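Welcome! Please take a look at the chain below, and then we can walk through it together.

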Amino acid sequence: MRAVQAIAARWGFSSATGFSRAFREAYGVSPTEHRAISRAAAPQHAGHTNPARDAHHRGRPVPKFSGEDSTTA
């Protein structure tokens with residue numbers, strides 16, 4: 001499992017805090033809460049069940065973060 005800091009850096013965020021803030025805005029839960037929910041709901045034998053990561057396979061839009069300091073108007 002990747003650390004939130006590593007995921008934040010991959011998406012161009014300079015800090016995990018900014019990424020977590022943007023993630024919460026987009027999904028309504030923190031990355032840590034999302035992991036806990038996903039683990040609890042996922043079957044033990046499934047190897048690829050992350051809904052945020054897999055949304056593009058189902059044709060649903062995936063939010064695009066414009067930057068760590070983005071705000072909604």
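Which residues make up the largest nonpolar core? Val4, Ala8, Phe13, Phe19, Ala22 and Phe23 do, six residues in all. Such a core is a set of buried Ala, Val, Leu, Ile, Met, Phe, Trp, Tyr and Cys residues joined through side-chain atoms within 4.5 Å; buried means under 20% relative accessible area, with a 1.4 Å probe and protein chains only. Helices α1 (4-10) and α2 (16-27) each supply at least two of its residues, and α2 gives the largest share, three.

A word on the source: this is a predicted model, where local features need pLDDT of at least 70 and side-chain atom pairs count only at pLDDT 80 or more, while totals for chains, interfaces and linings use all residues. Residues are numbered from 1 along each chain as its sequence is written, and side-chain values use heavy atoms, leaving out hydrogens and water.

The chain has four helices and zero strands (DSSP runs of H or I, at least four residues, and of E, at least two, numbered from the N terminus). Of its 73 residues, 21% count as buried.

Now to the rings. The whole structure holds three aromatic pairs, meaning rings of Phe, Tyr or Trp (its six-membered ring) with centres within 6.5 Å; planes under 30 degrees apart are stacked, over 60 edge-to-face, and the rest tilted.

Phe19 and Phe23 are about one helical turn apart, because they sit four residues apart in α2. Phe19 is buried at 5% relative accessibility, and Phe23 at 9%. Ring pairs link Phe13, Phe19, Phe23 and Tyr27 into a cluster.

Notes:
Buried means under 20% relative accessible area, exposed over 50%, partly exposed in between (1.4 Å probe, protein chains only).
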